[in-house]
Amino acid sequence: TPAAAAEPAHRPLRSHVEPGPPNPTEPLRFAGYPRARPFSVVPQKNQIALYPCSQCHQALPPNPTPRKLEAAPHVADLPHGNGRLWCLNCHTLDNRDTLTTLRGEKVDFDDAHLVCGQCHSNRHRDWYFGAHGKRAANWKGERVVYNCTHCHDAHNPALQPRAPSPPPPVRAGLQPMPRHAHGTTAAAPWAPGARP
């Protein structure tokens, strides 16, 4: 139809195939935001110390009952969601090596942002367009970004306070800018009274 042809085309994440018309027999799956530049996500499964989860969970009978966890290595409580979440909101019961959406769709650990974005949609949109999160390498070339769980602990995602990074070094032959009593550097060149 002419109306369908006028819609802006976009590429779903991790795919260079243009999306086709929706199929009512298949469940909806997040395919990205229109007009977002394509990117890839840095894989993370190889950095998770206890992955695959099935190495322990295959010997344990699945127990879907929400309860306080007391077995190492899991935390005794789940600060994420202030007590409103349980493990199975994000992890699947039958296959602990995958995550799950609220609709029951399985998600690979390397695509954890699809699970995080269900509740944190504003942050997910910002991350998708590059205003939140970190980019690997530099700002030129292919866009490669870090997943949510590279910076945030999925079980306790609030970032802990940390010391700021040291300032960049002064180039050889230059002097550091003088500091005023109130902690700022010299006036900007366009400010009244600034030296040329």
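This is a predicted model: local features need pLDDT of at least 70, side-chain atom pairs count only at pLDDT 80 or more; totals for chains, interfaces and linings use all residues.
Modeller: Buried means a relative accessible area under 20%, exposed means over 50%, and partly exposed covers the values in between.

Biologist: What makes Phe39 and Tyr128 an aromatic pair, and of which kind?

Modeller: Two rings pair if their centres lie within 6.5 Å, and planes over 60 degrees apart count as edge-to-face. Six aromatic pairs are counted by this rule. For Phe39 and Tyr128 the centres are 4.9 Å apart and the planes make 80°, which gives an edge-to-face pair. The pair links distant parts of the chain, 89 residues apart: Phe39 sits in the loop between helix H1 (2-6) and strand S1 (40-41), and Tyr128 in helix H4 (residues 121-129). Ring pairs also join Tyr33, Phe39, Trp127, Tyr128 and Phe129 into a cluster.

Biologist: On to cysteines. How do you know how many disulfides the structure holds?

Modeller: The sulfur atoms would have to be within 2.5 Å. The structure holds zero disulfides. Cys90 is in none, and the nearest cysteine sulfur, that of Cys119, is 7.2 Å away.

Biologist: And are Cys90 and Cys119 buried, partly exposed or exposed?

Modeller: Cys90 has 28% relative accessibility, so Cys90 counts as partly exposed. Cys119, at 56%, is over the 50% limit and therefore counts as exposed.

Biologist: What makes Lys106 and Asp94 a salt bridge?

Modeller: The nitrogen of Lys or Arg must be within 4 Å of a carboxyl oxygen of Asp or Glu. The closest N and O atoms of Lys106 and Asp94 are 3.6 Å apart, so the pair meets the rule. Lys106 is partly exposed at 43%, while Asp94 is exposed at 63%.

Biologist: Which residues are linked in a network of salt bridges?

Modeller: Arg123, Arg125 and Asp126 are. Asp126 has its closest N and O atoms 3.8 Å apart with Arg123 and 3.7 Å apart with Arg125. Both values are within 4 Å, so both pairs count as salt bridges. Asp126 and Arg123 both lie in helix H4, about one turn of the helix apart. By the same rule, the count comes to four salt bridges.

Biologist: Where is Thr101, and why is Thr101 called by its burial class?

Modeller: Thr101 is in the loop between S2 and strand S3 (106-107). Its relative accessible area is 9%, under the 20% limit, so Thr101 is buried. Leaving aside residues up to four places away in sequence, Thr101 touches Val107 and Gln118.

Biologist: Finally, which elements have the lowest and the highest mean pLDDT?

Modeller: H1 has the lowest, 48, and strand S2 (residues 99-100) the highest, 94. Over residues 3-19 the pLDDT is below 50. The protein averages 78, and 74% of the residues score at least 70.

Methods:
Residues are numbered from 1 along each chain as its sequence is written. Side-chain values use heavy atoms; hydrogens and water are left out. Rings of Phe, Tyr and Trp (its six-membered ring) pair if their centres lie within 6.5 Å; planes under 30 degrees apart count as stacked, over 60 as edge-to-face and the rest as tilted. Helices (H or I, at least four residues) and strands (E, at least two) are DSSP runs, numbered from the N terminus. pLDDT is the predictor's confidence in each residue, from 0 to 100. Contact means heavy atoms within 4.5 Å. Buried means under 20% relative accessible area, exposed over 50%, partly exposed in between (1.4 Å probe, protein chains only). A salt bridge is a side-chain nitrogen of Lys or Arg within 4 Å of a carboxyl oxygen of Asp or Glu.
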